[in-house]
Amino acid sequence: MSGHDQLPGSDLVVADHSRELESLRPRALDGCDACRACALWNLKPKLYVDLTGG
Amino acid sequence: MTLQDLHSVLFKIYLNPGYRLAHQMDPGSFVDHMQLSGEQAELVRNLSPAEAAEFAHGLRSKKALSLNAHMPTTCRWLEERSPHILRDFHDVSMVSRRAQWGATATQLVEYLRECREFYEGVPQALPDLARLEYLLMSARREQERREKKEPASASSPPSFSWNSLYWKAAHTSVESFTVDALSVLLGKKGMTDEGEPTYVVIAPATSGRMPMVLRVTEPAYRILSAMTEPVSARRLHEHAREHGLSVSEEALQALLTRLACTGAVGSYHVGTADVGA
């Protein structure tokens, strides 16, 4: 096998995929981008989060 | 009539296409149906359908962006192959204003499971992939929260003893997937190339940017699933034997030591001298 870390010492763990997944890291969800709807209703991002559940 | 009532009616218009259409067709009847009165009735009656539609569209886009960030691979596949499923999901998906983080993403996982029954061509891997992406994002979120609270510091590995207690940590997920969702996520397999069932442990990492993701064997999955409460290593080994799981003492010790080191399982050291003292 290649592309992930082999784990000596345990036949219960097949592989560690943590490093492999690094390249898939999605962009951060920090804060709320300004958008037309926010500007239109002059809403604060918190309300947007409430409404979208996201 | 409180401000909360007005908010509830506005949320219905913004979030539910049916209510929005009813308001658009006859604002007066809509206001009566919602039992609004006074200034609040006036406000809703004068809400322009175009403004309501534009704001609703903004909310929907925002929700889609949020989902896309939670489940990028799942959403990309849906957008490219079955955009109608995403569209339908957004039409029917409602979350409480007080819903916990990730509520919409959790809904999508369940929706995709149901979809397999009434849409053709939904791969078995899709709901598993969505669930896997959700767990990864949840672990990453907890990891970032911890980093902000207290930056990771080096700690010595906990000592192992058969009397020591071990338990699955609060933010550790021990999951089984009916297909090899991990390989699909990593691009090693296609969505329809399902492979074997997969067992994984996902936990916030103490270093690095991505959570810890271990592919484990089925016996390891069954042992870890039994660790919802503190249990001694000795009892875990007995549990494995009772359930016919082929697990050597060395393998169990290595597994517990590794997971305790990374914080995926909690541990409380009990030395031989402590027992019966």
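Helices, of at least four residues, and strands, of at least two, are DSSP runs numbered from the N terminus. With that in hand, welcome to a predicted model in which the elements of chain A run β-α-α-α from the N terminus on.

**Chain A**
- The secondary structure of this chain comes to 3 helices and 1 strand.
- Chain A has 54 residues, and 24% of them count as buried.

**A helix pair in chain B**
- Helix 2 (residues 17-25) of chain B packs against helix 5 (residues 49-70) of chain B at an angle of about 165 degrees, and their axes are 10 Å apart.
- Angles over 145 degrees count as roughly antiparallel, so helix 2 and helix 5 of chain B are roughly antiparallel to each other.
- Their crossing is left-handed.
- Helix 2 of chain B brings Arg20(B), His23(B) and Gln24(B) to the contact, while helix 5 of chain B brings Pro49(B), Ala52(B), Ala53(B) and Ala56(B).
- Sorted by class, this contact has 4 nonpolar, 2 polar and 1 charged residues.

**Nonpolar cores**
- The largest nonpolar core has 61 residues, and those with the most contacts inside it are Ala181(B), Val201(B), Val216(B) and Ala220(B).
- Helix 9 (residues 125-149) of chain B gives the most to this core, with 10 residues.
- Neighbours within four places in sequence aside, Val201(B) is in contact with Thr172(B), Val174(B), Leu214(B), Val216(B), Leu224(B) and Ala264(B).
- A second, separate core of 13 residues includes Val9(B), Leu10(B), Ile13(B) and Val44(B).

Key:
Residues are numbered from 1 along each chain as its sequence is written. Chains are lettered from A and ligands numbered from 1 in the order in which they are written. This is a predicted model: local features need pLDDT of at least 70, side-chain atom pairs count only at pLDDT 80 or more; totals for chains, interfaces and linings use all residues. Axes are lines fitted to C-alpha atoms, for helices over the stretch in contact, and angles run from 0 to 180 degrees between N-to-C directions. Angles under 35 degrees count as roughly parallel, over 145 as roughly antiparallel, 65 to 115 as roughly perpendicular and the rest as oblique. A crossing is left-handed if the near helix is turned anticlockwise from the far one by less than a right angle, and right-handed if clockwise. Two residues are in contact if their C-beta atoms, placed from the backbone, lie within 7 Å. Ala, Val, Leu, Ile, Met, Phe, Trp, Tyr, Cys and Pro count as nonpolar, Asp, Glu, Lys and Arg as charged, and the others, Gly among them, as polar. A nonpolar core is a set of buried Ala, Val, Leu, Ile, Met, Phe, Trp, Tyr and Cys residues joined through C-beta atoms within 7 Å. A residue is buried if 20 or more other C-beta atoms lie within 10 Å of its own, exposed if 12 or fewer, and partly exposed in between; C-beta atoms are placed from the backbone.
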